[in-house]
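Visitor: I would like to learn how to read a protein model. Please go through the features one at a time.

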Amino acid sequence: PELKEGGFVRELVRAIQDARKNAGLNPRDNARLTISAADAEEIIERNREEIKQATNTREIIFGETKLESKNVGGYRISILLQATS
């Protein structure tokens with residue numbers, strides 16, 4: 001289970017980095033992450049600090065994004081990033 005969780009976290013970080021790039025954010029830009037991941041919220045919560053650090057996000061909010069979801073590590077996830085100051 002730990003290896004599966006670690007793999008999911010790595011895939012999620014990669015998906016968030018892709019979303020940052022698509023949003024036109026620079027690596028040093030801080031962002032707020034809204035994520036819709038009903039089945040994966042526990043895993044994300046357990047790894048919150050690691051995800052925030054790896055993706056330069058100030059906060060992670062669970063909620064609907066109205067964006068198309070995609071498969072990340074076997075979970076349906078949608079990601080919305082917004083630049084913060």
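Predicted model: local features only at pLDDT ≥ 70, side-chain atom pairs only at ≥ 80, totals over all residues.

Visitor: How do I read the packing of two helices, and at what angle do α1 and α3 cross?

Guide: Two packed helices are described by the angle between their axes and by the distance between the axes. Helices (H or I, at least four residues) and strands (E, at least two) are DSSP runs, numbered from the N terminus. Axes are lines fitted to C-alpha atoms, for helices over the stretch in contact, and angles run from 0 to 180 degrees between N-to-C directions. Here the axes of α1 and helix α3 (residues 48-55) cross at roughly 35 degrees and come within 10 Å.

Visitor: Which residues make the contact between α1 and α3?

Guide: Contact means heavy atoms within 4.5 Å. On the α1 side the residues are Val9, Leu12, Val13, Ile16, Gln17 and Arg20, and on the α3 side Glu50, Ile51, Ala54 and Thr55. Six of the residues in this contact are nonpolar, two are polar and two are charged. In this sorting, Ala, Val, Leu, Ile, Met, Phe, Trp, Tyr, Cys and Pro count as nonpolar, Asp, Glu, Lys and Arg as charged, and the others, Gly among them, as polar.

Visitor: What is a salt bridge, and how many does the structure hold?

Guide: A salt bridge is a side-chain nitrogen of Lys or Arg within 4 Å of a carboxyl oxygen of Asp or Glu. The structure holds five. One of them joins glutamate 59 and arginine 32, with the closest N and O atoms 2.9 Å apart. Glutamate 59 is in strand β2 (residues 57-62) and arginine 32 in strand β1 (residues 31-36), so this pair ties together parts that are 27 residues apart in sequence.

Visitor: Where do I find salt bridges inside a helix?

Guide: Glutamate 42 and arginine 46 both lie in helix α2 (residues 41-46), four residues apart, about one turn of the helix. Their closest N and O atoms are 3.6 Å apart, and both residues are exposed. Glu42 and Arg46 are also linked with Glu5 in a network of salt bridges. In helix α3, lysine 52 and glutamate 49 are three residues apart, about one turn of the helix, and their side chains meet in a salt bridge at 3.6 Å, N to O. Lysine 52 counts as buried at 18%, whereas glutamate 49 is exposed at 53%.

Visitor: Which side chain of opposite charge is nearest to arginine 20?

Guide: For charge, Lys and Arg count as positive and Asp and Glu as negative; His and the chain ends are not counted. Arginine 20 is found in helix α1 (residues 2-22). This arginine is buried yet has no salt bridge, and the nearest side chain of opposite charge, aspartate 29, is 5.4 Å away. Leaving aside neighbours within four places in sequence, the contacts of arginine 20 include Leu25, Asp29, Asn56 and Leu81.

Visitor: What is the phi of asparagine 56, and what is that of lysine 66?

Guide: Asparagine 56 has a positive phi of about 55 degrees although it is not a glycine. Asparagine 56 sits in the loop between α3 and β2 and is partly exposed at 24%. Lysine 66 also has a positive phi, of about 65 degrees, and is not a glycine. Lysine 66 is in the loop between β2 and β3 and counts as exposed at 83%.

Conventions
Residues numbered from 1 in each chain as written. Heavy atoms only, no water. Buried < 20%, exposed > 50% of the residue type's maximum accessible area, 1.4 Å probe, protein only.
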